[in-house]
Amino acid sequence: MGKREIIYALATLIGIIGANGADACTGITLKSNDDGVVVARTIEWGESEMDNMYTIVPRGYIQQSMLPGGDIGGMTFSSMYGYVGLAVVRPEWVVDGINEAGLSAGLFYFPGYGEYPEYNPDYASTTISDFQLVSWILSRFSTVDQVRDAIKRVRVTSIDPRASTAHWRVTEPSGKQIIIEIVDGNVNVYDSELGVLANSPEYPWHLKNLNNYVNLIPGTAGPVKIGPITLRAFGSGSGFLGLPGDFTPPSRFVRATFLQTYSIPQETTFDSAMQAFHILNNFDVPLGTEFPVGQAPVNMPSATQWTIANDTKNRIVYYHTMYNRTIRSIDLGQIDFANVKFQSYPLDTTKEQTIIPIQIQK
């Protein structure tokens, strides 16, 4: 990457992760009756269209991390495992994906609460930028315990100190999952039994906040007798009255937890992947809702630019985009990671929805 490309990429990246408009990623995890695990999430950005792409990385591919200011000189790592991921701005900046061992990793925005250790050039060889951490995880590890141990031996940094910080979710095919957050320069690794992640505040806060919704139940509430009258629900689903519907991270975390928990377990991992897209439809952010009336900076189909579901059992990546909600798939089993070349392509070949006309019989 040339210096001019680096400057452009940095400017684009700061625009994406340095503003509130990006703060809307929502992640869920579904388990199917065939012991499969699907890790799915949305990614939002309403200020402009991101350069969204998928990247295929072979075994043995060598990468070197960027450092603050855009210089190349951080930690060097090679791929023990081939992987496929969805990237933004640059092919190397994979923000969610899966490797051939079935390990899935994803970056979520974490503004206002995370703080990386101060960059020290003496530790450049063990320093990695936050937007390359997913690539490092997917290229080197097959279990969450390996990641839990290794993350303590690296120093995560921002390419630009003006940018928002991030936190990460890592999942293995067994369903074991961890959340990584760096606060006050210290790495915190949490076991994630729920499988849900949003943005700020810290993960433990979100778990405590669920106690505010102890009244929520699936199905219909009531009837309840109050003095001489009886109160009855207007319709089904009243047990969820009070479920927050706004787009703030705490509300999305609560909504994702309840919708994921009470959805019907599916027979196959494929069915769970398709179910994940239905659940995550509830988190699509209509463009314009993030800004005052009349002040949306662009006109796109959605602020939710893409949604991904990783099948960790069968090693398949599914995704759709704001332009085309037709689900596309990348089967890692069809890729020869020993011989394939590093490559990257736009998520959409044409930016329009696929429409299949119905042929009417005469």
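In this predicted model, the largest nonpolar core holds 83 residues, and those that touch the most other members are Trp136, Trp168 and Val170. Nonpolar side chains tend to be buried together in soluble globular proteins.

Beyond residues up to four places away in sequence, Trp168 touches Gly106, Leu107, Tyr116, Asp130, Leu133, Val134, Val156, Ile178, Ile179, Ile180, Ile182 and Leu197. Two of these partners, Leu133 and Val134, are also among the buried residues of helix α2, which spans residues 133-140 and is mostly covered, with seven of its eight residues buried. The buried residues of α2 include Trp136 as well, one of the core members that touch the most others.

Leu231, which is found in β15, counts as partly exposed because its relative accessibility is 40%, a value that lies between the 20% limit for buried and the 50% limit for exposed residues.

Gln359 lies in the segment after β19 (343-346), and its C-alpha atom is separated by 37 Å from that of Val39, a residue 320 residues apart from Gln359 along the chain. With a relative accessible area of 66%, Gln359 is exposed, since the cut-off for that class is over 50%.

The two accessibility values are set out below.

| Residue | Relative accessible area | Class |
|---|---|---|
| Leu231 | 40% | partly exposed |
| Gln359 | 66% | exposed |

Terms used
Residues numbered from 1 in each chain as written. Predicted model: local features only at pLDDT ≥ 70, side-chain atom pairs only at ≥ 80, totals over all residues. Heavy atoms only, no water. Helix = DSSP H or I, 4+ residues; strand = E, 2+ residues; numbered from the N terminus. Buried < 20%, exposed > 50% of the residue type's maximum accessible area, 1.4 Å probe, protein only. Core = buried A, V, L, I, M, F, W, Y, C linked by side-chain atoms within 4.5 Å. Contact = heavy atoms within 4.5 Å.
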